[in-house]
Amino acid sequence: MIAIACDHGGLDIKNAIIKSLEEKGIEYKDFGTYTSDSVDYPEYAYKAAKAVAEGECEKGIICCGTGIGVCIVANKVKGIRAATVTNEFCAEMTRRHNDSNVICMGGRVIDEATAVKLTDIFLSTPFDGDRHTKRVDMIKEIESKE
C-alpha cells in the first residue's frame, strides 16, 4: 500500500501518479487534496507521512508546488526519511543509499510524465544495505535523541 497526498500545487502530478499506480495494479491510499482549491500542505503531508510511519502504508508519495514544503513536514514525523527529487538519479539514490520511505515532488518543477517516471524508479529500487545501513542507523539514532 502506497500513501499519496498533495496540496493544490501538486494535484496534477498526484493524479497522473494515481493513474499510473492503477494501471500497474499498485494499491494506494489517497490522503487528498482532491481539488485545485488552495489548501495548507502540512495537513496533507502529515497524514501521508504518518500512515507510512505507523506501517499502514509501505512508502509514500507527497506532492506540492516544489516538493520542498511537504518534504519538511514529512521529515518531522518520526521514522520518515523523505527526499525531494527532481531527476532519475536522485529518485534511485535516495532509495539505494538512504532507504527513503517517502518521495516528494513539485508540480511546478517537474511535469506529469517525469513524476510518474520518478515514482516508478522510487518504488522499484531496493535499499543497497551494506555500508549504507550504518548511515541509516546513524540517522535513526539522531532522531531518537530529538
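Strand β5, residues 102–106, is mostly covered, with five of its five residues buried (under 20% relative accessible area, 1.4 Å probe, protein chains only). Strands here are DSSP runs of E with at least two residues, and helices are runs of H or I with at least four, both numbered from the N terminus. The model is predicted, so local features need pLDDT of at least 70, side-chain atom pairs count only at pLDDT 80 or more, and totals for chains, interfaces and linings use all residues. Residues are numbered from 1 along each chain as its sequence is written, and side-chain values use heavy atoms, without hydrogens and water.

**Exercise 1.** Determine which residues of β5 point each way.

*Solution.* In a regular strand, side chains alternate between the two faces of the sheet. In β5, Val102, Cys104 and Gly106 point one way. Ile103 and Met105 point the other way, and all are buried.

**Exercise 2.** Identify the strands that are joined to β5 by bridges.

*Solution.* Two strands pair if DSSP finds at least two bridges between them. Strand β3 (residues 59–64) runs parallel to β5 and is joined to it by five bridges; Ile61 has Ile103 as its bridge partner. Strand β4 (residues 82–84) also runs parallel to β5, with three bridges; Thr84 has Cys104 as its partner.

Conventions:
Buried < 20%, exposed > 50% of the residue type's maximum accessible area, 1.4 Å probe, protein only.
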